Amino acid sequence: MHLVLQILSAAHAFEKTGQQLFRPHGLTVAQFNVLNLLAAEPDGMRASDLARALIVDPSNVTGLLKRMKTEGFLRERENSADRRQHIVGLTPKGQRVWRAANRDYTRSLEAIEATLSPADRKTTERVIQKMITAVSTAP
């Protein structure tokens with residue numbers, strides 16, 4: 001199998017595992033990613049900045065954020081510098097859910113990484129970075 005197909009297969013397996021990991025917390029993988037970004041930003045973020053960090057189109061983030069506000073994970077306030085923009089942050093419920101989900105997520109990542117020797121990990125990181133560079137410079 002081509003290496004790229006193996007990487008895509010691994011990405012699919014990680015996505016499926018993430019779905020199973022976050023489901024007991026009432027989250028999707030995308031919702032966890034939003035909570036994870038906002039957990040590092042106590043003042044919140046603009047939706048456009050979230051979209052950029054998530055590497056998705058801003059129109060895809062709008063519905064996601066709306067659902068998360070309805071579920072009580074997020075709060076929204078006007079941007080004092082530009083009232084057309086809103087700042088999104090975690091509610092206390094969002095913080096609690098993120099902490100619990102992040103604890104499970106961290107354990108899962110540690111278990112996966114424990115299967116690699118330090119040398120294998122270093123080689124894998126180097127190879128993946130080379131592939132990212134090759135893709136980003138491809139015509």
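**Figure 1. Arg99 in helix α5 of the predicted model.** In this predicted model, R99 is found in helix α5, which covers residues 92-113.

**Figure 2. A patch of positive charge on the surface.** The residues that gather in this patch are K93, R96, R99 and R103, so that the view returns to R99, the residue of helix α5, and places R99 beside the other members of the patch. For the protein chain as a whole, there are 20 positive and 14 negative charges, and the mean positions of these two groups lie 2 Å apart.

**Figure 3. Gly18 in helix α1.** G18 is found in helix α1, which covers residues 3-22. The relative accessible area of G18 is 10%, and because buried means under 20%, G18 counts as buried. Of the 139 residues of the protein chain, 24% count as buried.

**Figure 4. Gly18 and Thr115, a pair separated in sequence.** Although G18 and T115 stand 97 residues apart in sequence, their C-alpha atoms are 18 Å apart in space. Across the protein chain, when contacts between residues at least 6 apart in sequence are considered, 51% of them join residues at least 24 apart.

Figure 5. The C-alpha atoms of the protein chain fill a box of roughly 50 × 40 × 25 Å, taken along the principal axes.

Conventions. Residues numbered from 1 in each chain as written. Predicted model: local features only at pLDDT ≥ 70, side-chain atom pairs only at ≥ 80, totals over all residues. Heavy atoms only, no water. Patch = residues over 30% accessible without salt bridge, like charges linked within 9 Å, V, L, I, M, F, W, Y side chains within 5 Å. Areas by Shrake-Rupley, 256 points an atom, 1.4 Å probe, with all protein chains shown as cover. Salt bridge = Lys/Arg side-chain N within 4 Å of Asp/Glu carboxyl O. Lys, Arg positive; Asp, Glu negative; His and termini not counted. Charge placed at Lys NZ, Arg CZ, Asp CG, Glu CD. Helix = DSSP H or I, 4+ residues; strand = E, 2+ residues; numbered from the N terminus. Buried < 20%, exposed > 50% of the residue type's maximum accessible area, 1.4 Å probe, protein only. Contact = heavy atoms within 4.5 Å.
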